[in-house]
Amino acid sequence: MELSGGEIVVRALQDEGVELVFGYPGGAVLHIYDALFNQEKIRHILVRHEQGATHAADGYARATGKCGVCLVTSGPGATNAVTGIATAHLDSIPIVILTGQVPVPVIGSDAFQEVDTVGITRPCVKHNFLVKDVHDLAETIRKAFFIATSGRPGPVVVDIPKDVTDPGIKIPYEYPREVKMRSYSPMAKGHLGQIRRAVDAMLAAKRPVIYNGGGVVLGEASAELTELVCTSGFPVTSTLMGLGAYPMTDRQFLGMLGMHGTYEANMAMHECDTLIAIGARFDDRVTGKIEHFCPHAKIIHIDVDPSSISKNVRVDIPIVGQVATVLTDILRLLKEAGRGPDHETLAEWWRQIDAWRGRDCLRYDRGSERIKPQYAVETLYKVTEGDLYLASDVGQHQMFAAQFYPFDKPRRWINSGGLGTMGFGLPAAMGVQLAFPEAQVACISGEASILMCIQEMATCKQYDLPIKVILLNNGYMGMVRQWQEFFYEGRYSHSYVDALPDFVKLAESFGHVGVRVERPGDLEGAMREAFAMRDRLVFLDVVVDPTENVYPMIAAGKGQHEMHLSPERELA
Amino acid sequence: MRHIIAVLLENEAGALSRVAGLFSARGYNIESLTVAPTEDPTLSRMTLVTTGSDEIVEQIKKQLNKLIDVVKLFDLTEGVHIEREMMMIKVKARGDDREELKRLVDIFRAKIIDVTETSYVVELTGSSSKLDAFVEAVPEGRIIEVVRSGPTGISRGEKGLTIS
């Protein structure tokens, strides 16, 4: 079979099993778009901005575990995609981004819509390629998918000059089934000796804590983690990225840890003698001041990426391998040991944890006449009965959602944790809704974040995506305002979002349903009505208390035990 | 501590910039970096000299290994090894200086590889400190130009850094 470069791209995506491509056409990718025109296997979703394409592919990947795919043109198409690529990179999300490039002979001549895409994206991808010869195209695309989805996943850019996709040049096509790369072979199995040491440490632990990260979700190891937590009886806390890997409604779950984590999770971290970190990367939002991080703990760290180990915090027992495989080995060895950790010691540890839990660190004013953002998230949970894919933007609403919406399954909580990209939520929700057309999908956002990718409301209309946008509208960039209140003596420098649009009319102008809610008593009814409209995007503009802050809070540079609780809590 | 790391990497466009970019993005020190193809034209060998605490050097090696284009690497400072750097130095050579510089070249077992009525180009190979010593020894005001390759290295003994 002889195919042109453009046809090879499309055919390779089909052979890769790609269902959805998020893209935006332009000069350098016209040949590829022409090849897309005459086929039905791949569905192309036309976004309204390339950033939206990358976030949508990313949301699709987070919710399904499959590789997301985008197709954008050269120059501004590629640069617009960079924020989304960096977002995926920091959260290790597998996406393949195909970018058009000017023809090979004019590369480097500052041609129209030319940028050095490989150079610009190099620091924010797992890997990237420039394909200069059509004969390399199929194999390079295969490699891109292999690299994106294996080991520690991540985004891979394939930059394709226009002449490489020339319809006039046809070559024999064969899609390689396997790729072998001498320079890339991710570790699968963990070192058994190290795993034995870890099991011994776990059996000897007096005050253990399991700290799971996004790697458990990415590595499909929820079942193994859950079994480990249940059989060991250990408490478990999670990073923002790992929420849902272990059922958050379970008693053994201590809540999220870190800067806005629960009192019990952070205190347990601070006082533990054995820390079992699984697929987590000791991010600064988790550790606080490194010198004060888990000062008494022997640290076990399981991760597929060797460079994650001892990067920020020195680890006593490192285990490099796929999280699911390593946990399976640990579970087997625990069974073989025929005994668990000492029951009475563990019970004492739990008594201590329950005392911390008794502080009720997430309590807020439920009697308020204004809608509290926490109440809005709790109502969302109640109305959706926990069965929801929730994509989030970035800021206070993101933290409130993480604190107040307990996910019992992985891949339900879709948020930009590492890069903290405002504008992520809506396009990510599109990716999720397209992957699961029948599922309930919501985007929780703020009036500042939502405007960063508001143009995707048009995409939602074109493809009839019945996403529910829950806008917690407090008139401020809430998290910025909170920091200015705490650390800049209330000088709210440029954090007030003046001249907001009328979101109801805005939603309507895009062809959707818009509803404004101002009183706590109206909220549940409005949400129920919104979710009852199964075939419409409903934009709920929820006016919340502008002065509410996210508590608990560990200020940057403080230790885990130096948390601020809400003013009511500190007095209590 | 100073480390000299030998890296085998795919001889592909952009591989070098990935390594250089890694060092600048993560704020690692880089004292020198040399790279050239090996006997296998698909592979380049890079020698890079860096300094840092044990933890940082460990991270540098892990991050280098994580680059898809890096096939294999070895920290030469972990074992006995030979280190060589090449220098060409252009000096003013007039009158009495000509004899003195010639003597210096002999002492350092260097070579004069270009001569004019007013200048020499001297070639010298050795450890970096030997090259430093030569530069120090040249009488003040005589140096026109110094070009150094940066150190390269190889381990002693039969074992080598190869992909087979």
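**Figure 1. Chain B of this predicted model holds four helices and nine strands.** Welcome to the first view, which comes from a predicted model. If you trace chain B from its N terminus, the elements follow the order β-α-β-β-α-β-β-α-β-β-α-β-β. Along the principal axes, the C-alpha atoms of chain B fill a box of roughly 55 × 35 × 30 Å. Chain B has 164 residues, and 27% of them are buried. Take the contacts in chain B between residues at least 6 apart in sequence: 73% of these join residues at least 24 apart.

**Figure 2. Chain A and chain B in contact.** Here chain A contributes twelve residues to the contact, and chain B contributes 17 residues. On the side of chain A that touches chain B, you will find five nonpolar, four polar and three charged residues.

**Figure 3. An open sheet of six parallel strands in chain A.** Reading across the sheet, the order of the strands is β11-β10-β9-β12-β13-β14. Strands β11 and β14 (317-320) of chain A each have a single partner strand, so one side of each is left without a neighbour in the sheet. From one strand to the next, the twist averages 15°. Now follow β13 (residues 298-303) of chain A: its parallel pairing with β14(A) spans four bridges. A handy landmark is His301(A), which stands opposite Pro318(A) in β14(A). Helix α7 (residues 192-204) of chain A lies across β9, β12 (274-278), β13 and β14 of chain A, and α7(A) runs at about 135° to β14(A).

**Figure 4. Helix α10 of chain A, mostly covered.** Helix α10 covers residues 263-271 of chain A, and eight of its nine residues are buried. These buried residues are Tyr263(A), Glu264(A), Ala265(A), Asn266(A), Met267(A), Ala268(A), Met269(A) and His270(A). Among the elements of chain A that cover them are the strands β9 (208-212), β10 (236-238) and β11 (253-256), along with helix α13 (343-357).

**Figure 5. Helices α9 and α12 of chain A cross at roughly 30°.** Two packed helices are described by the angle between their axes and the distance between the axes. For α9 (residues 222-232) and α12 (residues 323-337) of chain A, the axes come within 9 Å. With angles under 35 degrees counted as roughly parallel, α9(A) and α12(A) are therefore roughly parallel to each other. Their crossing is left-handed. To find the contact, look in α9(A) for Glu224(A), Leu225(A), Glu227(A), Leu228(A) and Thr231(A), which meet Ala324(A), Leu327(A), Thr328(A), Ile330(A), Leu331(A) and Leu334(A) in α12(A). By class, this contact comprises seven nonpolar, two polar and two charged residues.

Note on methods:
Residues numbered from 1 in each chain as written. Chains lettered and ligands numbered in written order. Predicted model: local features only at pLDDT ≥ 70, side-chain atom pairs only at ≥ 80, totals over all residues. Contact = placed C-beta atoms within 7 Å. Nonpolar A, V, L, I, M, F, W, Y, C, P; charged D, E, K, R; others polar. Axes fitted to C-alpha atoms, helices over the stretch in contact; angles between N-to-C directions. Helix = DSSP H or I, 4+ residues; strand = E, 2+ residues; numbered from the N terminus. Parallel < 35°, antiparallel > 145°, perpendicular 65-115°, else oblique. Left-handed = near helix turned anticlockwise from the far one by under 90°. Buried ≥ 20, exposed ≤ 12 C-beta atoms within 10 Å, placed from the backbone. Pairing = 2+ DSSP bridges.
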